Every structure is written in C-alpha cells, then in structure tokens.
Amino acid sequence: MSAQATPSAAAKTVGTSKGASKGASKGASKATPKGAWTIVFLLFLLMVVNFADKIVVGLAGVPIVTDMKLEPAQFGLLGSAFFFLFSISAIVVGFLVNKVPTRWVLLTLAVIWALAQFPMVGAVSFTTLLICRIVLGAGEGPAASVAMHAIYKWFPDEKRALPTAVLTQGSAFGVILAVPALNWIIVNHSWHYAFGALGVIGLIWVCAWLALGKEGPLEDTQTLAVSEPKIPYIRLLTSRTFLGCVIATFGAYWALSLGLTWFTSFIVKGLGFSQSDAGWISILPWVFGATIVILTGWISQVMMVRGYTTRVSRGVLGSVPLIIGGLILASMPHVAGSGLQIALLVVGAGLCGAIYVVCPPMLGEFTPASQRGAILAIYGALYTLSGVIAPYVMGKVIERAGSTIDGYLTGFTINAVIMIGSGVVGLLLLWPNTEKARLTRGAAAQPAPLKRAISPT
C-alpha cells in the first residue's frame with residue numbers, strides 16, 4: 001500500500017480493524033468522478049499524436065537522408081534536435097501548471113505541434129527541418145508531465161496506476177497506428193506529405209479538446225497552493241526516489257529515442273529490408289512495449305490492493321525489467337540471423353516500458369499536489385536529456401565503425417550497458433513508501449481533514 005503522511009479523520013474511523021496503514025488508504029480513497037475516463041481517452045489520443053510526431057523523422061529516415069544527402073552524424077543531429085528545448089520547456093511549463101489550468105496549457109501545446117509540421121510539406125532545407133524539429137520538441141517537451149498532472153486531478157492515488165498505463169500506451173499506439181499510415185504516404189507519395197498529415201491530425205485533436213476537455217474536480221491547484229503544506233523543492237529534487245526515477249527512466253528513454261530515430265534505418269540499411277517491409281517491422285517493439293505497459297499497470301494496481309508496499313509494487317516492478325531488457329540487448333552482437341536480432345531488440349527495448357508506468361505515481365505519492373506539476377515536469381526534463389545524446393551518439397558510432405551493421409550493434413550494446421546500470425540504480429533508490437514519511441515529517445501544518453477534502457494526495 002502507498003504510505004500516507006497522516007491518516008485523515010475518515011481513515012481513523014473506518015476500517016481500523018484491518019490495520020492503520022490499510023485503513024488510512026481506504027479511508028482516504030475517493031470515487032472516480034464521472035467523465036474521468038473520457039479525459040484519459042482524449043489524453044491518450046494526445047500521446048498518440050505526440051509519438052507519431054516523434055517517429056516520423058525516423059520512419060522517413062532513409063528517404064530524407066537520400067533526398068538531402070545527409071551524413072549519419074547529420075541525421076543523428078536531426079534526431080537529437082527534437083530534444084534541444086524539450087527539457088527547458090518542460091520545466092517552465094511544469095511550474096506554470098501549478099497555477100494555470102491544464103486544459104488551456106494542453107490546448108496551446110497541441111496547436112504548436114500542428115503548426116510546426118506544415119513547413120515540411122513543400123521543399124525544405126536541412127536548416128528549416130532542424131528548426132521545425134526544435135520548435136516541435138519545445139511544444140512536446142511538457143506534454144507527458146502536464147497530461148499526467150491533468151489525469152491525477154481525476155483519480156486518487158491508489159487508482160492511478162491503470163490510467164497512467166493507458167496514457168503511457170499512447171506512445172505505443174502512436175507508433176502502431178501511425179507507422180503503417182505514414183509509411184504508406186512515404187512510399188506512395190512523399191515524406192513531405194507525412195508531416196502535413198500529422199499537422200492536420202493535430203488540429204483535429206485541438207477541436208476535440210476544445211469541445212470535451214475539462215479540469216479534474218478532485219484538486220483545485222490554486223486553493224491547494226494556499227492551504228497545503230509545502231516541501232522545499234530542494235528536498236523533493238534530492239530525495240532518493242526522485243533521483244532513482246530520473247536515472248532509471250534515463251536509461252529507458254535512451255532505448256526509446258534510438259527506436260524513434262534509428263530503428264527503421266537499422267532495418268533497411270543494417271539488415272537489408274525494404275522500406276515497405278520496414279514499416280510493419282517497425283511496429284513490433286511498440287506492440288510488445290504496449291503489452292508490457294498494460295501488464296505493469298494492472299499488476300501494480302493488483303499488488304497494491306493486496307497490500308504490497310509501493311517499494312515492491314512500483315519500485316521493484318519497474319526496475320527489474322530494465323535490467324533484464326539490457327541483458328537481452330547485450331546479446332544481440334553474439335547471435336546470427338536478422339530475425340533473431342530483431343526479436344532480441346524488440347523484447348529488450350520493449351521491457352523498458354514498465355518504468356514509465358510506475359515512476360509518475362511514485363513521485364505523486366510524496367509530492368504535494370500543488371507542487372506535483374513542477375516535479376513531474378522536472379523529472380521529465382531530466383530523463384529526456386538522453387534523447388539529446390543517444391541519437392547523435394549512434395550516428396557517430398555508425399560513422400566510425402568498420403561496417404554499418406557493426407556500428408548499429410555497437411550502438412545497441414552501449415544502450416544495453418546504460419539500461420542495466422540505470423535499472424540497478426532504480427532498484428537501489430526507489431523507496432516511495434518511506435520517502436513520504438521522511439519528507440513530510442514536521443511539515444503537516446494543515447489539519448488532515450481539510451487536506452483530504454480537497455485532494456486525494
């Protein structure tokens with residue numbers, strides 16, 4: 001069960017026969033408001049668009065490199081450029097959503113994404129493409145953390161694992177749904193039109209959000225900013241669980257950013273498949289990853305209901321798959337056959353998905369709701385720095401390798417080492433159930449019943 005700072009008045013009178021910890025959790029539980037899953041679905045679609053925007057450069061990598069006569073390091077720079085302002089904008093907007101409704105912030109971000117795609121429809125220079133990807137990254141940097149913060153206004157802590165998993169699934173479905181459609185446009189028309197199609201889809205989502213998007217009723221951030229006890233940001237940011245989440249997810253995102261930028265090129269140039277075949281092969285890691293994400297969310301929630309601490313049901317559950325996935329990736333250079341290499345890459349990289357499900361709820365456990373938007377944003381800004389580094393490193397490794405396939409396999413081996421190391425660190429540092437008690441010791445200046453009446457956290 002997730003630890004609470006102080007039991008609410010309701011927790012003191014309900015379910016005490018089953019133990020103080022379990023009683024506190026049940027007493028603090030709230031019903032999920034009507035319309036909560038509509039918001040989850042809309043934000044899931046937002047993540048679908050988000051990741052379709054991310055992957056289009058990787059999917060069209062071979063035609064872009066051919067048309068624009070780019071070197072591998074230049075293409076790697078193009079992949080990294082998306083993340084140049086990603087982290088900065090995530091932090092700025094993260095503090096903004098502590099005071100501004102998430103509904104309007106998400107709307108603004110989606111408009112930026114859509115408009116950033118249209119310059120690529122016509123003839124475009126490398127510089128223009130680079131600038132548009134930087135702008136797109138600035139708009140998409142805050143998206144995941146703001147969307148997570150928005151969802152947590154609709155669900156109490158013990159019910160957040162599954163909606164977090166569904167939201168995280170948007171990344172997989174963004175690839176699963178977009179890759180066949182975008183690849184068809186690239187093969188039968190032009191990679192330029194693939195960007196234009198994403199711009200139109202982004203504007204359609206904006207219209208849907210304008211009509212249906214709402215702010216969650218469980219928390220009023222402005223009220224909480226006045227009434228809720230604060231924890232100094234320096235204590236939150238240096239807590240072992242925050243650091244563990246950042247390091248563990250850094251390793252997972254290294255694999256994800258390589259998948260977004262280099263997976264299709266690896267299939268075509270490294271293994272010799274056609275662009276058409278590479279389209280459906282590129283879906284496989286995301287299908288497997290989607291399965292891992294949903295299973296992790298479901299298992300985590302079941303474990304919490306059965307009384308496991310969040311150290312086990314979130315921390316251990318998210319870290320161990322990273323280590324196993326890294327060991328699987330490390331075996332790629334030692335097997336023969338493109339089919340087996342693809343299988344190892346699919347499974348090894350796909351196991352990373354578990355950490356994305358468990359880290360945001362862990363941070364939400366011990367972060368006051370009025371500070372949560374900023375903490376989730378800073379967390380996202382820090383771990384996505386691997387997206388700046390990984391694509392460029394892979395490009396340089398390929399350039400300097402004796403052969404193309406050797407370059408790719410060396411790059412994936414580097415990824416494996418980073419995954420294993422980050423998984424081990426996560427396993428050592430992720431203790432959210434004790435983190436809350438330590439950080440909130442002496443900070444409960446506001447009576448618990450008032451806090452509970454406003455926020456489930």
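**A guided look at the helices and salt bridges**

Reader: Which helix holds both Lys 396 and Glu 399?
Author: Lys 396 and Glu 399 are 3 residues apart, about one turn of their helix. Helices here are DSSP runs of H or I with at least four residues, strands are E runs of at least two, and both are numbered from the N terminus. The helix in question covers residues 386–400 and is H21.

Reader: What kind of model is this, and from which number are the residues counted?
Author: This is a predicted model, where local features need pLDDT of at least 70, side-chain atom pairs count only at pLDDT 80 or more, and totals for chains, interfaces and linings use all residues. Side-chain values use heavy atoms, with hydrogens and water left out, and residues along each chain, as its sequence is written, are numbered from 1.

Reader: How many helices and strands does the protein have?
Author: Let's start with the whole chain: of its 457 residues, 60% are buried (under 20% relative accessible area; exposed is over 50%, and partly exposed lies in between, with a 1.4 Å probe and protein chains only). As for the elements, the protein has 24 helices, while its strands number 0.

Reader: How far apart are the N and O atoms where Lys 396 and Glu 399 meet?
Author: These two side chains form a salt bridge, meaning that a side-chain nitrogen of Lys or Arg is within 4 Å of a carboxyl oxygen of Asp or Glu. Lys 396 is partly exposed at 23% relative accessibility, and Glu 399 is partly exposed at 36%. From N to O, the distance is 3.9 Å.

Reader: How many residues apart in sequence are the parts tied together by Glu 215 and Lys 153?
Author: Glu 215 and Lys 153 form a salt bridge, with their closest N and O atoms 2.7 Å apart. Glu 215 lies in the loop between H11 and H12 and Lys 153 in the loop between H9 and H10, so the pair ties together parts whose separation in sequence is 62 residues.

Reader: Which helix contains Arg 314, the partner of Glu 365?
Author: Glu 365 and Arg 314 make a salt bridge whose closest N and O atoms are 2.9 Å apart. Glu 365 is buried at 3% relative accessibility, and Arg 314 is buried at 1%. The pair links distant parts of the chain, 51 residues apart: Glu 365 is in H19, and Arg 314 is in H17.

Reader: At roughly what angle do the axes of H19 and H20 cross?
Author: Contact means heavy atoms within 4.5 Å, and the residues of H19 that meet H20 include Tyr 356 and Leu 363. Axes are lines fitted to C-alpha atoms, for helices over the stretch in contact, with angles from 0 to 180 degrees between N-to-C directions. The two axes come within 10 Å and cross at roughly 145°.

Reader: Which residues does Gln 341 contact, leaving aside its neighbours within four places in sequence?
Author: Gln 341 is in helix H18, residues 338–350. Its relative accessible area is 8%, so Gln 341 is buried. Beyond those neighbours, it is in contact with Leu 271, Met 332, Val 335 and Leu 409.
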